[in-house]
Structure formats: C-alpha cells, structure tokens
Amino acid sequence: MSFFKDLDLRKLPMQLLVASIITLSVSAIGMVELFGGRFVITGLFTMAQILFLGPTAFFAYRAAQEAPEGKKWQGMIKALLLGVGVGLVMVVFVWLAQNLDVRSIFINISPRLINILTFEHAGGATTLFIALVLSALAGGALALVPDKLRNALLVGAGVTLLVGLLSEILAERLRSLFGSQLSSAIIASKALQVVPAAVLFLLVAGISYMRQSGRIGKVGPTLKPSQTKIVRTALISLLLLVLPMLLGSYLTEVTNNIGLFFLMGLGLNIVVGLAGLLDLGYVAFFAIGAYTMAALTSTGHLGLAGISFWVALPICVAVAAMAGFILGMPVLRMRGDYLAIVTLGFGEIIRILALSDLMKPYIGGAQGILNIPKPMVGELALIRPEQMYYVILIGVAIAMFMSTRVRDSQIGRRWMAMREDEDVAEAMGINLVNTKLLAFTIGAGFSGLAGAIFASKLGSIFPHSFNLLISINVLSLIIVGGLGSIPGTLVGAIILVGLPELLREFAEFRWLAYGVLLVTMMLNRPEGFIPSEVIKRELHAGDEAEQAG
Amino acid sequence: MRDRLRKLDFIDLFLWIVRAAIVAVILIGTVKTILSNPYTLRNWEDFIIFGIAQGSMYALIAIGYTLVYGVLQMINFAHGEFFMSGIFASTSAVAIPLARAGYLASHPIPSLLLIALCSILISIAISLLTERIAYRPLRHAPRLMPLITAIGASFFWQYYFRGLFGSQVIPFPDIPQLEGTVPFLHTFVLKSHVLVIFVTLVVLVGLNFFITSTRPGKAIRAVAENKDVAALMGINVNRTISLTFATGAAMAGVAGMLYALVFHQVHFFMGFIPGIKAFTAAVLGGIGSIPGAAVGGLFLGLFESLGPSLFLQSLGIPAFNQLKDVIAFTMLVLVLIFRPQGIVGERLKEKKA
C-alpha cells in the first residue's frame, strides 16, 4: 500500500474530537434550533445547517491544509476520515436523542432540533451523515484550490451569507425605496431567492478575484492625496447627513445605538487602548451621565431643575468627568490587573446603590426616573430616531475630533509611553498618576456624554440598563476593532452592536459569541480587525526579532 | 518636583479622608447598635454561624485564585465559572435525576458523594480546557491579554451552560436528613451549616497535606517560586500549572456543592458574585498565600453576615440588607487601595511577570 505511505494521521484524532465537540455543542446549547427557521437562500439552506455543517468543513480544511506539498491528495483522505468521524458521532447523538429522555437534563435537545438535524424527514440520520461527509470533502477540496480563488470564493460566500441573513431588513428597505416588485424578485420569505443569490455570489467572488490579480486598478481620474482626502471627506459627510433618509426608522434606531456605543468606545479607547488601563466599571460613568441628565431635565417628580437638554448636556459631561477624576484618584496608583477588579467593584457598587432603597428618594430605585424630555430645537422636539440621529452624529463628530487630536498630541504620546512601560515612562519624566487621571477623566466624560444622550433618547432610565454587560460590550468592541484605533472602534461598534440588533435570534447567544470573540481575537489577532499602527508594531515586534534571529 | 509632591499630598489627603469616613461609619454604627441593642444573643450567634458557613465557601473558592496567582501572577477572572459549572451541571444532570428516582432520599450519603464528585470533575475539566485554550498560549504576552481572554472565557462558560441547562433558577433537591438543626453549646445550628463547616475543615487539611507533603504539591510550590529553576530540576512546568488549575477548580467544585446545600438553588450566573467576593477574600489574606485565603474567606464571610446588622441598620439606612453586596465590594475596593498586600500578608515584592 505505497499509496498510503507516510500519511500523517497523528493530529487527526484531536481535530476530530474538537470538530465533534463543537458540532455537538452548537446543537445542544440551542443555536441550531434557534436558527432552524432562518433561511439564507429560500428553500435551499438555513443558517442552522451552516452552523452544524460549518465546523466539520472548517476542520477538514485545516486538516487538509497540513498535507505535505506535492501530496495534497492526502488532504482529501484526512477530510474524508474527519467527515466520517463527525458523521458517526452525530448519528449516534441523533439516535440517543430519539431513544432516551435527554430533554429533562439538556433542555435544548428537543424534537425540533432532531428534525432540523435530520433535514426534516424520517431516516434523515443517513442524510445527516452524508451531508457531514460532503461538507468535510468540500472543506478538504477548498485546501486544494489556489489561494486567490479560495479567497475569492470565501469572500463571495461570506457576503452572500450576510446579505441572506439580513434580507428581512433589506426587503423592507428595497420595498420602500424601489417598490415591492423588485423587492420580492430578490427576496422572498425573509431570504434571498436562488438566482439573485447566485448572481451576488459570482459578482462578489469575481470582483474579489480580479482585485487580487490586480486587474481592477484605480478607477476615476487620479487626484493628489490632499484632493482625494477632501473629496472623500465631503462624500462621507454628505452620506452621513442623508443616511436616515436612506435607512428608515428602524435602521436609524440601530444606527443610533451603534453611535452611542461608538461614543463610549471612543472614551474607553482612550483609557484602555491608549493609556493601557483596563477599566471594567466603565458603565458607571455612563450611568452617572444618564442619571444626571434625568435628574436635571425630568418633568416627573424626581426632576430637580427641569432645564433643557442642551443646557444639561455639558453639565452631565462635567459631572461624569468629575466622577472619573474622583474615582480615579485612589485607584490609579495600583497595578493593571488590580485596577480591572477595583473598577469592576465600583461599577457594581454604583448599580446596587442605584437599585437600593437608600437612594430611592433621589433616583427612584428600581422604578428609575421617568418623563425625561427629548431635546428641543426651537419649537421642535426631537422625537423620531431620524431626528435623534443628528444629535448623536454631532456628539460622535465632536468626540472623534477630540480623540484624534488628543491621540496625536503630546498627551497621547505620554499615554502610549505609559502603556508600553510604566517604569521607563516615569524615568522619562512622565507623571504617571496625573497622566492616568487625565485619561480616566476624559474617558469618563465621553461615557457621560453617551449616557446623557441615552437618557434623553429613551425618555426614562432604570438601574437595570447599567449592568456590567455594557462595560463588557464596550470593551469587546474596542478589542475586536483594534485597541487604540479610532476607525477600529467604529467597525467594532457596527459588528458587535449593529449585527445583534439586526439578527434578533442572535441576541440570545450574543454574550457567548462575545466570549468566543474575545478569546479568539486575543489568540489570533490581538491588534484587532483595523489595528492602530503603533499597537500592530508593538505586538509583532517579537515576530520580526524571531525572523531576524 | 515640588509640584509633583504637592499633587501626591493632595491624593494622600483624599485617601486619608476616605479612610477616616469609613472608620467613622463603622464605629458610629456599631456603637449605636450596641447601645440600642435590637438583637438577642441568639440572633448574633446565628449571624456568626451563617457567616462562618458562608466564609468557608469563600475560602474554598479563594484558594483557586490564590494558587493560580501564586504560580502565574495572574488573576483568573474565570474562576467563578469553574465554581458555577461544576454544581450547575451536576445538579441538572445528576442530583435531579437521582432525586426523581428517589435514591437521593433513601441513600443520601452515596448520592451526595456522587454529586460532589461530578461537580469536582466537571469543574476540573472546565478549568483544564480554559487553561489550555485561553491562558497557555498567552503566558508570555502582556498582562492585559490573558485578563481579557479570562473575561471572554468567563462569559463563554456562563452562556454555554445556560444554553445546556437553561436560564432559569434550578432548585437543588431537598435532602430530608439534612434539614433541621442540631444543638450546639446552648443554641441550635442548621445541619447543613455544620456539614459545610466540617467539609471545609477536612478539605483544607487535605489540601494543606497535598501542598506541603506530596511530590505534586512540592512541584506546585517550586513552580510558584521560580519556573525556570523548577524546569531545570526536572519539573514539567506546563503539567504543574495544569495541576494548579485543577486543584483550585476541585476546591471550587466542593464549594459549589456546599453552596447548593446551603442556598438550595443553582443558576448559570451564580459564579459571578461569589467569584468576586472570593477574590476579595484572597486579596484580604494576601494573594498567593493559601492559609491567607482561608482566613480571608472566613473574615469576609463574617463581616458580610454581621456588617449590615452591626453598623448599617442603626444609621437609619432603609432596607439595609440590600447593601450586603456593597459591603463586600467596598471591602474589595478598600483593600486593593489601601492594603493590596493583604491584612495579614507581608509586603509582596513587586513581581512584574
């Protein structure tokens, strides 16, 4: 059997184990069932099928990739074995679920799940087995195609998948912009039609392939860099100004949430990304901003002053910044990991106090503060999300301007020096406590601004809106986007706040996904999707040294 | 330089004011309570015993933090999840089926041992997985990074177990033999509390023996002292670190079992608050020190159980029991600010791993 000589299968059992565990897990924790009704392409396949077939394909691809050069066909054997292995595991799982009462323990292993896994027909266990083997082979085959083609195929598939998942909202937009005929031609029953999906896939894959081959160069007249910048800025500003009209009410509301989280992200980016202080109680300043706004403007019985939004806004920012200063003073002399826990403690203390009867006469306890008026422009109250959008846009613009300027200033460089090495920074004459306090204060101010707008946008606030998960959400988005990177923060906010809003089913597994995302980002891409230049250099300094040595 | 001194003085002054304010609150509150004396001696004894029982659990969880910190100088933020995963899974998958079959009522001791064993094993498995996937690859990375993966792992496990067993509060089955009280001195103590305190004592003695007198225990201490030298002495450092995590997780598994016996319920989010409190306990006792963790846990348990009645009530704070967690968290903040080396511990040398 010289054909199988030096076929290296040592890694296969581990890969098989991991692939099986992941496939079993997505089924047993209820993800598959949740996405069972969500077609990506009408009548063809659902998100659930991607979830339980995807891991096998991925690990088959990984296994096949390890095959030695010149013996690529070995990859297909590995992929086949992996597919058969996972297939057997899943068939046993389906059999067990059908014949034993596992549901009393694992609540999500329901008959519906089994229906989805067996492709909704009797004897579907065989179909499941075949599907798993086929997806493993597909994954293995992907390792055989040239890089460029593979990238193009993956980009095409990714974009099609995304469009397919978001098609419910797209359909609504298409209907209101171009009429229902076009909309229903492309999207039917919340999923892409087959033909448009194929066209989209080919188009995106084609463009991606061409771009990699360099066949699509720069389009349009060549401009000087400075001119390009002006044109680009003008185009982006114009787009931002008309965005609510294109998006409609619901999507504008989502955009507003993204904007608020982006605002908080910008602040935390200064604290964590630039100054390197891990703050897990960041939500406290958001809460302080929101409660200050509520207390100052509310027309209910808890309102103190009844002043207008615009007068209250700077006060809220100042109060939150002040709180950052006061809380920062005692804690900023401690080491990084202790700081994380102490700020976490502060966040929790503030939340529990807000809930307690002790503070109830002032901030309403669990009932919160109601009747917070909307911002007024002249006689017009900004009630609709499309109107609120502009308030948030202004806030974001100011915050972006400020954080860019601060980052590029001497203070920004001091923060980064401190992040790299506190001792060296101190030796260079940087006053650590003052510099940290400044970062903490500015970060808190941004968060307070977001909180104040949030309170006014919602019209009423409750302590439950200010839990630890908000801090974790903001932290995740700046890590995913790229620590220290301002465009990265925006991308992070769009991915981590926008997508869960749009994919309602996803909301249940949002925190699970964040956990996975935090770990995988730290392991594989600690600089984030859109890294800041400095962080990238720092994190990969070791690689270069290794290559040089 | 002068400017800087002035600044530091200002912050120090601020810290002294904070200290004075807290001491004043505790003193005034305590004196007022003692003068007005709203509780009987019996009440105080109940508080103390509950405090010891709760403190025992904190002590067991705190040991996990302290062991890992001693070896890796890292705060294992996901430790609360090791505590949760074991008992949450074994309540759903072992205790409830046993209770349904009636075996729990007829044979309480073997069933409890089985539940505890499952809880310990699951906690250990989760801890080993977490260490292998989320911590080991980042052992030489900047300190912020393993902390972030730890937060990620923590959320992952919470919602993973929520997906497996559901988001509702699951009642731990009642064990008739453990209900009721036993006489102790001149008062009565809940049987479950007696069991908790007894088990904790046994486990702590066992752990002490394991760490001080067995070869793996010595390996853990050697690695905590100096990884490179330990490796030169033929100790498998990676395996020893895994063993450290497993030991800590086993303690957390036991603590989970005791938690279920005292509070009669489990929930996917139950690891968060005890986790933070146990971390407080570990810092209180001087992080890195095992006896310190035990003492710190006991102290925190007592303080938390006595505190609200002792000095919050008489200050006229409404619904003072709501602020129980605030006491623990305030203690955490204060200890980390004022005595990060712990109340009993010696000053740690600044380790920059």
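Q: Among contacts in chain B between residues at least 6 apart in sequence, what percentage join residues at least 24 apart?
A: This is a predicted model, in which local features need pLDDT of at least 70, side-chain atom pairs count only at pLDDT 80 or more, and totals for chains, interfaces and linings use all residues. Residues are numbered from 1 along each chain as its sequence is written, while chains are lettered from A and ligands numbered from 1 in the order in which they are written. Two residues are in contact if their C-beta atoms, placed from the backbone, lie within 7 Å. For chain B contacts between residues at least 6 apart in sequence, the share joining residues at least 24 apart is 77%.

Q: What radius of gyration does chain B have?
A: The radius is taken over C-alpha atoms, and the globule rule is 2.2 Å times the number of residues to the power 0.38. With 353 residues, a compact globule would come out near 20 Å. Chain B agrees with that, at 21 Å.

Q: How many helices and strands are there in chain B?
A: Helices (H or I, at least four residues) and strands (E, at least two) are DSSP runs, numbered from the N terminus. On that basis, chain B has 13 helices and four strands.

Q: Is Phe210(B) buried, exposed or partly exposed?
A: Phe210(B) sits in helix α7 (residues 191-213) of chain B. A residue is buried if 20 or more other C-beta atoms, placed from the backbone, lie within 10 Å of its own, exposed if 12 or fewer, and partly exposed in between. Phe210(B) has 15 other C-beta atoms within 10 Å, so it is partly exposed.

Q: Which loop holds Gln73(B)?
A: Gln73(B) has a phi near 50 degrees, which is positive in a residue other than glycine. With 17 C-beta neighbours inside 10 Å, Gln73(B) counts as partly exposed. Its place is in the loop between α2 (41-72) and α3 (79-100) of chain B.

Q: What is the phi of Asn371(A) near?
A: Asn371(A) lies in the loop between α15 (360-363) and β5 (376-377) of chain A. It has 14 other C-beta atoms within 10 Å, so it is partly exposed. As a residue other than glycine, Asn371(A) still has a positive phi, near 55 degrees.

Q: Which helix gives the largest share of the side of chain A that touches chain B?
A: The contact takes 44 residues from chain A and 44 residues from chain B. Elements giving two or more residues to the chain A side include α13 (309-331), α14 (336-355) and α19 (432-458) of chain A. The largest share, twelve residues, comes from α14(A).

Q: How many nonpolar residues does the side of chain A that touches chain B have?
A: Ala, Val, Leu, Ile, Met, Phe, Trp, Tyr, Cys and Pro count as nonpolar, Asp, Glu, Lys and Arg as charged, and the others, Gly among them, as polar. That side has nine polar and three charged residues, and its nonpolar ones number 32.

Q: How are α12(A) and α19(A) oriented to each other?
A: These two helices pack at an angle of about 45 degrees, with their axes 6 Å apart. Axes are lines fitted to C-alpha atoms, for helices over the stretch in contact, and angles run from 0 to 180 degrees between N-to-C directions. Angles under 35 degrees count as roughly parallel, over 145 as roughly antiparallel, 65 to 115 as roughly perpendicular and the rest as oblique. So α12(A) and α19(A) are oblique.

Q: How far apart are the axes of α12(A) and α13(A)?
A: Helix α12 (residues 283-297) of chain A packs with α13(A) at an angle of about 145 degrees. The axes of α12(A) and α13(A) are apart by 8 Å.
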